[in-house]
Amino acid sequence: MRLITTSRNHRSPLSLLDDFVNSFYNDSITNDSRLMPIDVLEYEDKFVVKADMPGVAKENLKVTLKSGELLIESCEEKQTVEDKEVVHHSERFIGCYQRIIKLPETCDDEKIAAKLENGVLTVSIPKIEPKPRKQITIE
């Protein structure tokens, strides 16, 4: 009996072209988004950002706002290995990663609230009325 193996490296030139073209439209799908998948939801009175943070302690999580951008950061420290322990395989991510979400001008920066529950970070961002545009007189 002969064993037949397949390889993912043998792809048609058209599929490679598709990947290249799609990369321009899928900028938001990055390594960071795979580490911290998020949903951004809009309601009548608020925006809600939900980020999957399984196994992340509240102490290792930071949410900040600067210049209209919401920054979610997480740092996981490397776990210590005992002398008697041998690690054969490790895929869990250790280190820091972040996501930046550009917020619209209709967000109330003073009333943003965040909570971490069951491995999901929920950030609630209330809406405010948009500021009217200021007419500038030309001299």
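Me: How many disulfides does the structure hold?
Reply: This is a predicted model, in which local features need pLDDT of at least 70 and side-chain atom pairs count only at pLDDT 80 or more, while totals for chains, interfaces and linings use all residues. Residues are numbered from 1 along each chain as its sequence is written, and side-chain values use heavy atoms, with hydrogens and water left out. A disulfide is a pair of cysteine sulfur atoms within 2.5 Å. The number of disulfides in the structure is 1.

Me: Is the disulfide of C75 and C96 right-handed or left-handed?
Reply: The sulfur atoms of C75 and C96 are 1.9 Å apart. C75 lies in strand β4 and C96 in strand β5, 21 residues apart; strands are DSSP runs (E, at least two residues), numbered from the N terminus. The torsion about the S-S bond is about 115 degrees, so the disulfide is right-handed.

Me: Does C96 count as buried or exposed, and why?
Reply: Buried means under 20% relative accessible area, exposed over 50%, and partly exposed in between, with a 1.4 Å probe and protein chains only. The relative accessible area of C75 is 35%, so C75 is partly exposed. C96 has 54% relative accessibility and therefore counts as exposed.

Me: Which residues have the most contacts inside the largest nonpolar core?
Reply: A nonpolar core is a set of buried Ala, Val, Leu, Ile, Met, Phe, Trp, Tyr and Cys residues joined through side-chain atoms within 4.5 Å. The largest one has 16 residues, and those with the most contacts inside it are V49, M53, L70, I72, L121 and I125.

Me: Which residues is I125 in contact with, leaving aside its neighbours within four places in sequence?
Reply: Contact means heavy atoms within 4.5 Å. One of the partners of I125 is C107, which counts as buried because its relative accessibility is 5%.

Me: Where in the chain are E42 and K127, which form a salt bridge?
Reply: A salt bridge is a side-chain nitrogen of Lys or Arg within 4 Å of a carboxyl oxygen of Asp or Glu. The closest N and O atoms of E42 and K127 are 2.5 Å apart. The pair links distant parts of the chain, 85 residues apart: E42 is in strand β1 (residues 38–42), and K127 is in the segment after β7.

Me: How many salt bridges does the structure hold?
Reply: Among them is the pair K62 and E73 (3.8 Å, N to O). K115 and E117 also meet in a salt bridge, at 3.6 Å. The number of salt bridges in the structure is 3.

Methods:
Helix = DSSP H or I, 4+ residues; strand = E, 2+ residues; numbered from the N terminus.
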